[in-house]
Amino acid sequence: MSSHVAPAPAGGRKAVTLRTLRDMHARGERIAMLTCYDSTFAQLLDDAGVDALLVGDSLGMVLQGRASTLPVKLEDIVYHTRCVAARNRAAWLVADLPFGSYQTLDQALGSASTLMRAGAQMVKLEGGGWTADFVHKLVERGIPVCAHLGLTPQSVHALGGYRVQGREAAAAETLLRHAAELHEAGASMMVLELIPSALAERLRARLPELITIGIGAGPHTSGQVLVLHDMLGLAGGKPPRFVKDYMQGSGDVRTAIRSYVGEVREAKFPAPVHCDY
Ligand code: KIV
């Protein structure tokens, strides 16, 4: 066997690659993604058929108990990416570049390389405009990039809170322009967070080849992502409208996760009640 042929995942499904995700998108097959921060859940989610795992900087809030994602450091994401990579067999593994880890091009290249060495297969960064050039340089160096537009939690203070983005015509146009620039720069995937469904639909019509993953962005994206602790009903307090608690009526974690994957695939999630913005 050539040393450049990756071993098949032992006894499980075929490894999900960027090509797999592109093919799914092209066939209109919906992509199920969840955040994941540790090896036990990595195995569980992978076994349940989740297509992509995100080591999100949401870990600052759900694991570290912080009020925002801003305090999360690169070494935190590296540590959790290693943990997830240790037991994940087939799911596509995306890791967040945390706040302050991509302020300059050199820093972005260094931080992204560190995450890829820890086991990530793609890095995610937030924002449009100034990020396009960074995306181009990362992709040029063989690092797949997932962009993130709409509500970008690392900018929560600049945005004035966790609020729906892109409602007004000018803001919607800016988001569409940023999305086109990021796609042109080479971003192969894009998380769309907390935007009106109609805007996600326009984006899909304008950039039909871009893989979009929604969270609070309605049903017109290529796939969906939720924060694991939210969809398992563990977050406490009143969940955002776009979250569905899959533990209700499931009884156990494995069933809850399989139910999420099934509902994403069958376009049952999100239902209108989850995306009425
Ligand atoms: O950090 C995270 O978990 C995320 C998702 C909410 C998309 O960015």
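What is the volume of the second largest pocket? The second largest pocket has a volume of about 410 Å³, where a pocket is an open set of points on a 1 Å grid over the protein atoms alone, points where a 1.4 Å probe fits, with protein on both sides within 12 Å along at least five of seven lines. A volume here is the space filled by probe spheres set on the points, which are joined across faces, edges and corners. Rolling a probe the size of a water molecule over the atoms shows where empty space is left.

The model is a predicted one, in which local features need pLDDT of at least 70 and side-chain atom pairs count only at pLDDT 80 or more, while totals for chains, interfaces and linings use all residues. Residues are numbered from 1 along each chain as its sequence is written, and side-chain values use heavy atoms, with hydrogens and water left out.

The second largest pocket is lined by 20 residues, and those closest to its centre are Glu126, Gly127, Gly128, Thr152 and Ser155; a lining residue has an atom within 4 Å of a point. The elements that give two or more residues to this lining are β5 (145-150) and α8 (169-185), and α8 provides the largest share, four residues. Such elements are DSSP runs numbered from the N terminus, helices being H or I with at least four residues and strands being E with at least two. By class, the lining of the second largest pocket has seven nonpolar, twelve polar and one charged residues, where Ala, Val, Leu, Ile, Met, Phe, Trp, Tyr, Cys and Pro count as nonpolar, Asp, Glu, Lys and Arg as charged, and the others, Gly among them, as polar.

The largest pocket holds about 780 Å³ of space. Of the 35 residues that line the largest pocket, Met61, Glu193, Val227, Asp230 and Phe242 are the closest to its centre. Two or more lining residues come from each of α3 (59-62), β4 (122-126), β6 (189-193), β8 (223-226) and α10 (228-231). The lining of the largest pocket is made up of 18 nonpolar, seven polar and ten charged residues.

Leu192 of β6 is the bridge partner of Leu149, and Met190 stands opposite Thr212 in β7.

Strand β4 is covered on both faces, with Met122, Lys124 and Glu126 buried on one side and Val123 and Leu125 on the other. Strand β3 (residues 92-96) pairs with β4 in the parallel sense over three bridges, and Ala95 stands opposite Val123.

From the strands we turn to the helices. In helix α9 (residues 197-206), Ser197, Leu199, Ala200 and Leu203 are buried. These four lie on the same side of α9 because they cover an arc of only 160 degrees around the axis, the arc being that of the directions from the helix axis to the C-beta atoms. An α-helix has 3.6 residues a turn, so residues three or four places apart point the same way.

Thr131 belongs to helix α6 (residues 131-140) and counts as buried because its relative accessibility is 0%. Leaving aside neighbours within four places in sequence, Thr131 is in contact with Leu125, Glu126 and Leu182, contact meaning heavy atoms within 4.5 Å. His183, in helix α8, counts as partly exposed at 26% relative accessibility.

Some details of the backbone remain. Most residues other than glycine have a negative phi, and most peptide bonds are trans. Leu194, in the loop between β6 and α9, has a positive phi near 50 degrees and is buried, with a relative accessible area of 8%. A cis peptide bond, with omega about 0 degrees, joins Phe269 and Pro270, and Pro270 is placed in the segment after α11 (253-265).

Notes
Buried means under 20% relative accessible area, exposed over 50%, partly exposed in between (1.4 Å probe, protein chains only). Two strands pair if DSSP finds at least two bridges between them.
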